[in-house]
Amino acid sequence: MLQVEYEFTLPVGLLGEDGTLHRDGTMRLATAADEILPLADPRVQRNPAYLSVILLSRVVTRLGGIEPITTKTVEGLFAADLAHLQTLYNQINAVEEAAVSDGPPVDFRPFGGEAVGGDRERLGGSGSIPSNGSATR
């Protein structure tokens with residue numbers, strides 16, 4: 001059976017307006033639309049790093065009692081929490097070569113022309129969501 005939702009616990013947590021710390025949540029698998037549609041967003045065109053904010057706001061389905069999850073929600077995350085979600089996204093949406101076919105390896109080349117797999121970054125054809133902790137709150 002295909003698992004489409006994954007539970008997570010943020011290392012720090014998002015502090016709500018009422019002082020509640022929100023750490024537990026759920027992320028679903030990304031769809032093609034989740035990875036493609038944000039590329040047309042003017043915020044991404046001005047700043048490609050914003051792609052991860054939009055994408056995470058689309059795939060995080062629950063974060064404590066916060067509803068709905070928006071780009072402002074993701075912008076409010078601490079850097080450690082953002083990096084944690086980026087890593088989880090990349091893990092659950094990884095393309096596994098063995099799962100593609102029983103035949104020879106498939107050389108899939110999306111938008112950027114780079115093959116998916118190995119050290120290839122993913123996320124909307126532009127690569128993995130970086131998780132180096134360089135994001136700011």
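The structure is a predicted model in which local features need pLDDT of at least 70 and side-chain atom pairs count only at pLDDT 80 or more, while totals for chains, interfaces and linings use all residues. Residues are numbered from 1 along each chain as its sequence is written, and side-chain values use heavy atoms, with hydrogens and water left out.

The protein chain has 6 helices and 3 strands, where helices (H or I, at least four residues) and strands (E, at least two) are DSSP runs numbered from the N terminus. Along the sequence these elements follow the pattern β-β-α-α-α-β-α-α-α. Of the 137 residues, 37% count as buried; here buried means under 20% relative accessible area, exposed over 50%, and partly exposed in between, with a 1.4 Å probe and protein chains only. Among the contacts (heavy atoms within 4.5 Å) with a separation of 6 or more, 57% come from residues 24 or more positions apart.

The largest nonpolar core holds 24 residues, and F8, M27, L56, L63, L77 and L85 have the most contacts inside it. Such a core is a set of buried Ala, Val, Leu, Ile, Met, Phe, Trp, Tyr and Cys residues joined through side-chain atoms within 4.5 Å. Two or more residues are given to this core by each of β1 (5-15), α3 (51-59), β3 (60-63) and α5 (79-92), and α3 provides the largest share, 6 residues. L85 illustrates the packing: leaving aside neighbours within four places in sequence, L85 is in contact with F8, L10, M27, L56, V60 and L77.

Since 8 of its 9 residues are buried, α3 is largely enclosed by the rest of the structure. The buried residues are L51, S52, V53, I54, L55, L56, S57 and V59, and they pack against β2 (21-28), α1, α2, β3, α4 (71-75) and α5. With α5, the packing angle is about 70° and the axes are 11 Å apart; axes are lines fitted to C-alpha atoms, for helices over the stretch in contact, and angles run from 0 to 180 degrees between N-to-C directions. That makes α3 roughly perpendicular to α5, a label for angles of 65 to 115 degrees, with those under 35 counted as roughly parallel, over 145 as roughly antiparallel and the rest as oblique. S52, L55, L56 and V59 of α3 meet L82, L85, Q86 and Y89 of α5.

Several individual residues round out the picture. In strand β1, E5 is partly exposed, with a relative accessible area of 43%. The C-alpha atoms of E5 and R28 are separated by 4.2 Å, although these residues are 23 residues apart along the chain. Beyond neighbours within four places in sequence, E5 is in contact with T26, M27, R28 and T61.

A30 is found between β2 and α1. A30 and Y89 are 59 residues apart in sequence and 8.2 Å apart in space, C-alpha to C-alpha. Not counting residues up to four places away in sequence, A30 touches E35, V59, Y89 and N93. In the loop between β3 and α4 lies P68, joined to E67 by a cis peptide bond with omega of about -15°. Most peptide bonds, by contrast, are trans.
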